[in-house]
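Please have a look at the sequence and the structure first.

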Amino acid sequence: MKVLLLSKQSKSYIVDTQQKKFSCNQGLIDLTKAKIGRKIKSNTGAEFLVLQPTITDLLRKAGRGPQIIMEKDAAQIAAVTGITNGWKCLDAGSGSGFSALMLGNFVKPSGSVVSYEKLERHHNIAKKNVKYCELEKIIKMRNKPAEQFTEKNLDLILLDMPDADKMVKKCYSALKAGGWLCIYSPHIEQQIKARKQMEKHGFTGIRTFENIQRTWKSLKGFTHPKPSGIVHTGFMTFGRKY
Ligand SMILES: C[S@@+](CC[C@H](N)C(=O)[O-])C[C@H]1O[C@@H](n2cnc3c(N)ncnc32)[C@H](O)[C@@H]1O
């Protein structure tokens, strides 16, 4: 069983309790004594809270390949679409598998995600991450160009790949009535092209977003936004099959 060991200073480790012992720079921990919701001490006296890892905890330790869809954008997808248990989703391209995993976590236990990736090396990274997060029953990975997808009656399609605008017509046919298409891209030109296709092919309520998130820091009573960090990640256009 995977557990999260969380220190008061917010240092965290994901460990498998089957390995019995875990060693880190804060000492050696006897995992046979690890109980979810309890604290445990290393042989040097360092304390950790033992927790069931969430998808977010797991993804922080997962492998990375191409640029991922980040937490703030995944959160917006959930908030706009209302995605929930039981939904049938399609994701492309898989990339590092982060968006597929976020969707898989929202739709479990009875929903599904099929994720398409044309490059074998990205497919392998994404597949490994799906295994690491133990969502293989929910998420099926396909090492194929997304243009070849055959799924029908979908609740949500998320496209994070070049030339997504060329897929809009096919996506419209594959969605159920009221189903959502979300097109994510780093450049506004890609969004303009996608929007035009969505308007042409019968989507309603088309909206484009950019999420700007700033983290603030507080030190000795003085508080301000952190001066650095990623500001622009991408744009997202949402529309619903009418
Ligand atoms: C930015 S990454 C996707 C990241 C992913 N959404 C995540 O959160 O980890 C874009 C991916 O699309 C893949 N790709 C590009 N064209 C594709 C196509 N026609 N079919 C499937 N995958 C494609 C690329 O190889 C790349 O891995």
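Predicted model: local features only at pLDDT ≥ 70, side-chain atom pairs only at ≥ 80, totals over all residues.

Let me begin with Met198, which is found in helix H6, residues 188-200, where a helix is a DSSP run of H or I of at least four residues and a strand a run of E of at least two, both numbered from the N terminus. Residues are numbered from 1 along each chain as its sequence is written.

Is Met198 buried or exposed? Met198 is buried, because 24 other C-beta atoms lie within 10 Å, the cut-offs being 20 or more for buried, 12 or fewer for exposed and partly exposed in between, with C-beta atoms placed from the backbone. Leaving aside residues up to four places away in sequence, Met198 touches Val168, Leu181, Phe203, Ile206, Thr237 and Gly239, contact meaning C-beta atoms, placed from the backbone, within 7 Å.

Turning to the sheet, we have 4 strands in an open arrangement, ordered S2-S1-S6-S5 with antiparallel pairing, where two strands pair if DSSP finds at least two bridges between them. Strands S2 (12-16) and S5 (39-41) stand at the edges with a single partner strand each, so one side of each has no neighbour in the sheet. Within the sheet, S1 (residues 2-7) and S6 (residues 47-51) run antiparallel and are joined by 4 bridges, and Leu6 stands opposite Leu49 in S6.

Notes: Contact = placed C-beta atoms within 7 Å.
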